[in-house]
Amino acid sequence: MRARSGAATMLLVTFLTGLTACSAGAGPSYADVRAQAEDAVAEIVAALPDGAEFVPDGGASAQSCDSEVSPRGRAAGDFATVHGAVSLPEGTDAAAIVTELPVALGDGWALEPTGVELDIATVRLSRAETNVSVDVTESTVQGRPGLDLLAVSECGSPG
């Protein structure tokens, strides 16, 4: 009888844990994940050569994590994206900057596969502390060497 009681208790604990994980209070809020994406971009720009200037394409934008409503009737939440261009000082080798960026950022950042082969330098980095993923790609900004940055946060809870 005791084994059955223990199994029932474990089943109840597992069920309640599952409900808690789906609640609106679980995980960071959208405001938190937006700030994390903006901080990740700021940290990358700070690791670039002096004179590098980030120009965002507007502010951070919210994208739905899921087009459906969760089983408990709450919206699934949003993730934040931050996109923009970095103009680099004249004469800077943008490809070398992209290649050396993981080392310049150091611990706390992981190199991820980009999933797409490109003829230009590109790197996908993930900030371990916040799960923000940032794609950095060699580009040209107004005729000068530059970078394209796209940061994507994890899903943030609504409200």
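Q: Which residues does Val 136 touch, not counting those up to four places away in sequence?
A: This is a predicted model. In it, Val 136 touches Ile 44, Val 98, Leu 101, Ala 121, Thr 122, Val 123, Leu 147, Asp 148 and Leu 149.

Q: And which residues touch the most other members of the largest nonpolar core?
A: Val 136 is one of them.

Q: Back up a bit. How many helices and strands are there?
A: Three helices and seven strands.

Q: In what order do they run?
A: From the N terminus, α-α-β-β-β-α-β-β-β-β.

Q: OK, pairing. How many bridges join β3 and β7, and in which sense do they pair, parallel or antiparallel?
A: Seven bridges, antiparallel. Within that pairing, Ala 85 stands opposite Asp 148 in β7.

Q: What about β1 and β3?
A: Strand β1 covers residues 53-56 and pairs with β3 in the antiparallel sense, over four bridges. Val 55 stands opposite Ala 85 there.
A: Four. Strand β2 is residues 61-64, and the two run antiparallel. In β3, Phe 79 is the bridge partner of Gln 63.

Q: How do side chains sit along a regular strand?
A: They alternate between the two faces of the sheet.

Q: New topic, the surface. Which residues make the nonpolar patch?
A: Val 116, Leu 118 and Ile 120. The patch is about 260 Å².

Q: Where is Val 116?
A: In the loop between β4 (109-112) and β5 (122-127).

Q: What share of residues counts as buried?
A: 30% of the 159 residues.

Q: Last one. Among contacts between residues at least 6 apart in sequence, what share joins residues at least 24 apart?
A: 63%.

Terms used: Residues numbered from 1 in each chain as written. Predicted model: local features only at pLDDT ≥ 70, side-chain atom pairs only at ≥ 80, totals over all residues. Heavy atoms only, no water. Patch = residues over 30% accessible without salt bridge, like charges linked within 9 Å, V, L, I, M, F, W, Y side chains within 5 Å. Areas by Shrake-Rupley, 256 points an atom, 1.4 Å probe, with all protein chains shown as cover. Salt bridge = Lys/Arg side-chain N within 4 Å of Asp/Glu carboxyl O. Buried < 20%, exposed > 50% of the residue type's maximum accessible area, 1.4 Å probe, protein only. Contact = heavy atoms within 4.5 Å. Core = buried A, V, L, I, M, F, W, Y, C linked by side-chain atoms within 4.5 Å. Pairing = 2+ DSSP bridges.
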